[in-house]
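Hi there,

Here is the structure I promised to pass on to you.

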Amino acid sequence: GGQMSKPIIRVTELQTWQECKYRHQLNYRERLHLMPSGEGGVSPQVSGSAIHFGIEAAMLEQTGRNKVQVAQESAMLYLRTRGADERYAHGVETALQGVPAEVWQTVTPQSEQRINVEYDRYIMSGQPDLWTYDENAIIITDFKSTSKDEGDRLSRYQLLNMQPRWYAVLLTAQFHVQKREIPPIYTRHIILSTRGKPVTGTPVLQTEAGLHQAARMMHSIAGEIAMSEAISFQDATVSSSCDWCEFLDLCTMHLTGGDWQAILTEKYRRGHEGLSGS
């Protein structure tokens, strides 16, 4: 028979899989999303997604228009197509004003560039929010948005968020394959605040030992995903972070013995969000 095509596993999937396998199943395999239907039909993450979408649009803007304006217009479009009302708009606009000027001035932002690396059992794929490259350094920037505790979040993400480290692992592998010189790799977070208190983290050097550790974790999780069979609610991780999940209504039905299939057809739809995930 023909060769089986390898599964493509995205960096963003890894953390979702660790947090809740059922959410991973609904999100990445069944491609379910909340339907935009007024109240209750808006994903709790809609502000953050709109902010990311706005930044990416502005990064790709080549016509010399004001980047902040492009970002804000694109983010508003994102909110409107998802049925998110005015309540979200102000916070999203405020957050985008907090993007440091140096980000918009990046001459060759690699924000749109997806990194694909083929391994034995799968292809790893990732798209950092922003990365820059010269002979002295690669700097990978991850944007996060919040409405409170900006400083605390920054230090937590700088220490605990694996995502930019996994991008660093993929970039290292890609540069090896291309026989390119690999400069030191730094990761940093920029916390955008919907109440106007943004904070920019100092780039953190990723040591060789740290990157080896990150690579081992990445392959351990990706291996589990590649091997896994169908996942059902019994594999869900039920915890306080369920509050932030767009599948909470569905899982509430599972937990209370309600008609979860009715909720599934009533509140969710299949198909791609019209936007890239990383």
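Let me begin with Tyr 133, which counts as partly exposed because its relative accessibility is 32%. Please keep in mind throughout that this is a predicted model. Tyr 133 belongs to strand β5, which covers residues 130-133. Setting aside neighbours within four places in sequence, the contacts of Tyr 133 are Ile 138, Phe 175, Arg 180, Glu 181 and Pro 183. Pro 183 is 50 residues away from Tyr 133 in sequence, yet their C-alpha atoms are 8.4 Å apart in space. Two other residues on that contact list, Phe 175 and Arg 180, also have something going on between them: the charged end of Arg 180 sits over the ring of Phe 175, 4.0 Å from its centre. There is another arrangement of this kind, with Arg 82 over the face of Tyr 78 at 3.8 Å from the ring centre.

Now for a residue on the inside. Asp 142 is in strand β6. Is Asp 142 buried or exposed? With a relative accessible area of 4%, it falls under the 20% cut-off, so Asp 142 is buried. Not counting residues up to four places away in sequence, Asp 142 touches Asp 129, Asn 161, Gln 163, Pro 164, Arg 188, His 189 and Ile 190. Asp 142 and Leu 130 are 12 residues apart along the chain, and 6.9 Å separates their C-alpha atoms.

**The chain as a whole**

Stepping back, the protein chain has 11 helices and 10 strands. A compact globule of 278 residues would have a radius of gyration near 19 Å, and the chain agrees with that because its own value is 19 Å. The C-alpha trace spans about 60 × 50 × 35 Å along its principal axes. Of the 278 residues, 45% count as buried. The accessible surface comes to about 14,700 Å², and carbon and sulfur atoms hold 51% of it. Among contacts with a separation of 6 or more, 70% are between residues 24 or more positions apart.

**The nonpolar cores**

Which residues of the largest nonpolar core touch the most other members? This core has 30 residues, and the ones to look for are Leu 14, Tyr 119, Met 124, Ile 140, Trp 166, Leu 170 and Met 218. At least two residues of this core come from each of α1 (11-19), β3 (115-118), β6 (138-146), α8 (163-177) and α9 (208-227). Helix α8 gives the largest share, 8 residues. Apart from this core lies another, of 24 residues, including Ile 51, Ile 55, Leu 79 and Val 99.

Leaving out residues up to four places away in sequence, Trp 166 touches Val 11, Leu 14, Gln 15, Gln 18, Ala 214, Met 217, Met 218 and Ile 221. Helix α1 is worth a look as well: its buried residues are Val 11, Thr 12, Glu 13, Leu 14, Thr 16 and Trp 17. The elements covering them include β1 (8-10), α2 (21-29), β4 (123-126), α8 and α9.

**Aromatic pairs**

The count of aromatic pairs comes to 5. One of them is Tyr 119 with Tyr 122, a tilted pair at 6.1 Å centre to centre, with 55 degrees between the planes. Tyr 119 and Tyr 122 are both buried.

**Two backbone spots**

Finally, which residues have a positive phi without being glycine? Arg 31 is one of them, with phi of about 50 degrees. Arg 31 sits in the loop between α2 and β2 (32-34), and its relative accessibility of 36% makes it partly exposed. Asp 149 is another, with phi near 50 degrees. Asp 149 lies in the loop between β6 and α7 (150-160), and it too is partly exposed, with a relative accessible area of 38%.

Happy browsing, and do write back with any questions.

Best wishes

Terms used:
Residues numbered from 1 in each chain as written. Predicted model: local features only at pLDDT ≥ 70, side-chain atom pairs only at ≥ 80, totals over all residues. Heavy atoms only, no water. Core = buried A, V, L, I, M, F, W, Y, C linked by side-chain atoms within 4.5 Å. Buried < 20%, exposed > 50% of the residue type's maximum accessible area, 1.4 Å probe, protein only. Helix = DSSP H or I, 4+ residues; strand = E, 2+ residues; numbered from the N terminus. Contact = heavy atoms within 4.5 Å. Phe/Tyr/Trp six-rings, centres within 6.5 Å; stacked < 30°, edge-to-face > 60°. Lys NZ or Arg CZ within 6 Å of the ring centre and 35° of its normal. Rg over C-alpha atoms; globule rule 2.2 N^0.38 Å. Areas by Shrake-Rupley, 256 points an atom, 1.4 Å probe, with all protein chains shown as cover.
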